[in-house]
Amino acid sequence: MEAQIYQYHAEMCQVFSHPKRLEVINILQDGEMSVSGLAQRLELTIGNLSQHLSMMKERHILLTRKEG
């Protein structure tokens with residue numbers, strides 16, 4: 001059990017070790033936003049942002065939903 005806790009902790013540290021991912025969390029505290037809107041606000045390409053968001057979704061930092 002202890003090894004799993006360390007593994008989880010290490011994965012969370014990876015998420016919080018990148019400044020853009022921290023910025024994503026900060027921006028989304030105010031409410032949900034589209035990927036394109038978030039990319040524009042962060043001055044990132046959608047492809048680059050998608051990589052960050054995918055990592056965060058895998059670790060259950062973010063929830064997503066599809067619309068339209």
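Helices, by the convention I use here, are DSSP runs of H or I with at least four residues, and strands are runs of E with at least two, numbered from the N terminus. The model is predicted, so local features need pLDDT of at least 70 and side-chain atom pairs count only at pLDDT 80 or more, while totals for chains, interfaces and linings use all residues. Residues are numbered from 1 along each chain as its sequence is written, and side-chain values use heavy atoms, with hydrogens and water left out.

Most residues other than glycine have a negative phi. His-60, in the segment after H4, has a positive phi near 60° and is not a glycine. His-60 is exposed, at 71% relative accessible area; exposed means over 50%, buried under 20%, and partly exposed in between, with a 1.4 Å probe and protein chains only. Glu-43 lies in the loop between H3 and helix H4 (46-58). Its phi is also positive, about 60°, and Glu-43 is exposed at 73%.

Now the helix pair. H2 (residues 19-28) packs against H3 (residues 35-42) at about 120°, with the axes 11 Å apart. Axes are lines fitted to C-alpha atoms over the stretch in contact, and angles run from 0 to 180 degrees between N-to-C directions.

Which residues meet? From H2, Lys-20, Glu-23, Val-24, Ile-27 and Leu-28; from H3, Leu-38, Arg-41 and Leu-42, contact being heavy atoms within 4.5 Å.
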